[in-house]
Amino acid sequence: MDTSDLTQLQIDDLVARYPLPDGVGDCVMNREELADALATSMNTVTAWINSGMPVQQTGGQGKAYELRLSHCWAWRQSKKADEDLRSAEVKTAQMAMRLALVGGGTGDSIEALDPKTRREILAVQIEQERFSAQRKQLMRRADVAEMLDQMFAMVRDTMEAAPDRVERIEAMPPKAVQAFIGVCDSLIDELRGRIESFWLDHREVTAVEKRDLFDA
């Protein structure tokens, strides 16, 4: 049973607009396999499912999720396109706001403004370009936190599943399985402690909030 809010016609339309890359065959995967294919974590895949990603068969009670690669790929590419569109709209609104702050209108071109205003707008653009260049060397705190969360989730999920998977493949004796579980649990605890220590050592400093744009 498909649990997404999309109809089959809508899914087919997405697949037509965002087909799989050349050379990639379509197939049905479980959550772990899809996470590996899309280079993400099982937690992220679960979040995508909760956000409406097409599901061919719902999992639960020992039954694995069934996710068709072409459907999930097309859904994700559609979401990325929406995010890019929103980013472009935000940039357009930001530029319009800058024009308004220096005396121009949202429909004005830079050539229609007086020399002083043009210089001010160009100064803003240069500063924006400098900031963009710096972003290649600096990362937002939220981006780092998200990356660490995803990496930890991927390691945690893999380590928690590793003893059972190895036991099935290698027929490990119960004592060895328990030792393996202990090693995996210790690694997870160590990783969690390292991440928590990192954020304690890099506490975010909250700036005093200004009342409006013209506060000193």
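**Helix packing and cores in a predicted model**

Residues 24 or more positions apart account for 58% of the contacts (heavy atoms within 4.5 Å) in the chain with a separation of 6 or more. This is a predicted model, in which local features need pLDDT of at least 70 and side-chain atom pairs count only at pLDDT 80 or more, whereas totals for chains, interfaces and linings use all residues. Residues are numbered from 1 along each chain as its sequence is written, and side-chain values use heavy atoms, with hydrogens and water left out.

Q: In what order do the elements of the chain run from the N terminus on?
A: Helices (H or I, at least four residues) and strands (E, at least two) are DSSP runs, numbered from the N terminus. The chain has seven helices and two strands. Their order is α-β-α-α-β-α-α-α-α.

Q: Is S70 buried or exposed?
A: S70 belongs to helix α4, residues 69-101, and touches V15, L20 and D26, not counting residues up to four places away in sequence. Buried means under 20% relative accessible area, exposed over 50% and partly exposed in between, with a 1.4 Å probe and protein chains only. Because its relative accessibility is 7%, S70 counts as buried.

Q: At which residue of α6 does a kink lie?
A: Helix α6 (residues 141-170) has 30 residues and reaches 42 Å from its first C-alpha to its last, close to the 44 Å expected at 1.5 Å a residue; the expected span is 1.5 Å times one less than the number of residues. The bend at a residue is the angle between axes fitted to the seven residues ending there and the seven starting there. Shortly before the proline P163, a kink of about 40 degrees lies at A162.

Q: How are α3 and α6 oriented, roughly parallel or roughly perpendicular?
A: The contact is made by M42, N43 and T44 of α3 and Q150, A153, R156 and D157 of α6. The two helices pack at an angle of about 105 degrees, with their axes 8 Å apart. Angles of 65 to 115 degrees count as roughly perpendicular, under 35 as roughly parallel, over 145 as roughly antiparallel and the rest as oblique. Therefore α3 and α6 are roughly perpendicular.

Q: How many residues has the largest nonpolar core?
A: A nonpolar core is a set of buried Ala, Val, Leu, Ile, Met, Phe, Trp, Tyr and Cys residues joined through side-chain atoms within 4.5 Å. In the largest one, the residues with the most contacts inside it are L34, V45, I49, M53, L67 and L69. Helices α2 (31-37), α3 and α4 each supply at least two residues of this core.

Terms used: Axes fitted to C-alpha atoms, helices over the stretch in contact; angles between N-to-C directions.
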